[in-house]
Amino acid sequence: MANGKLDGELHQQRRVAESYGIDAERYDRTRPRYPDALVDRMVRSCPGVELLNVGAGTGIEARQFQAAGCSVLGVEPDVRMAEFARTKGTEVEVARFEEWEPAERRFDGIISGQAWHWVDPVVGAAKAASVLRPGGRLAAFWNVAEPPAEVREAFREVYVEVVPDALATRAYSMPTPPPTSSSPLLTKTIEGIRQVDGFGEPEQWQFEWRYVYSKDEWLDQLPTQGDHGQFPPEKLAKVLAGVGAAIDAMGGSFDMKYTAVAVTATLPTS
């Protein structure tokens, strides 16, 4: 399931963006990681191993790149998320990327997992170009979930009944999932990069992977998704109960297809 659409520009929806730090430990524990193939390709395509992680959150992707031999500095506007990331070994500076002060530091690559849509696409791309070394690469990437049709319908019924205006309700109610390559997240990112002098033509990378969720795993992750953190407690409880019952009816688990999609571009080497 691709992310539901918010009214207005995503990078202006600070209330939603800042809701994820309410339970940073749950966010870090339950959110999906990124395929090793994506990490490996990014590492191999950068001129060095010094990376900047924009929207570092709890440090999920930072730790994956650290494990691949990179040094990673995070930039994260939510102090709660930043504090959690530090406990897991990632250095993080608290700021919105558009306002962050690099202090003449330069990096070989910039990574942003599940976060670039909270950055102004043009201002962010210009800032990225200004802090990358020659040949440096920007990669913004997302995990896009595509549940089976029967799962989509079962979940849609729950959301329509309990929270008809929620992002998930809109996403599950789409007649067919939009092609991953034409996602508004990717389109806005590409357009932002193209408006900035310096970067070459953006590329798209895709990596498919799957995960079988138990009922408990999916319900544990749900409060960290989209605008779930803003649901009144009684409505969130109803969503969890309804979705849990739907998963029980499927046998207690379901197979989720993910596509990790990246928009990436590089600076010239000289």
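In helix α7 (residues 149–162), R156 and E153 are about one helical turn apart, because three residues separate them; helices here are DSSP runs of H or I of at least four residues and strands are runs of E of at least two, numbered from the N terminus. In this predicted model, local features require pLDDT of at least 70 and side-chain atom pairs pLDDT 80 or more, whereas totals for chains, interfaces and linings use all residues. Residues are numbered from 1 along each chain as its sequence is written, and side-chain values use heavy atoms, with hydrogens and water left out.

R156 and E153 form a salt bridge with closest N and O atoms 2.9 Å apart, a salt bridge being a side-chain nitrogen of Lys or Arg within 4 Å of a carboxyl oxygen of Asp or Glu. R156 is partly exposed at 24% relative accessible area, and E153 is partly exposed at 34% (buried, under 20%; exposed, over 50%; partly exposed, in between; 1.4 Å probe, protein chains only). Elsewhere, salt bridges with shared partners join D23, E25, R26, R29 and D220 into one network.

A further salt bridge pairs R105 with E93, at 2.7 Å between the closest N and O atoms. This pair links distant parts of the chain, with R105 in the loop between β3 (91–94) and β4 (107–113) and E93 in strand β3, twelve residues apart. R105 is partly exposed at 27% relative accessibility, as is E93 at 22%.

The side chains of R33 and D28 also meet in a salt bridge, at 3.7 Å from N to O. R33 is partly exposed, with 30% relative accessibility, whereas D28 is buried at 6%. Over the whole structure, the search finds 18 salt bridges.
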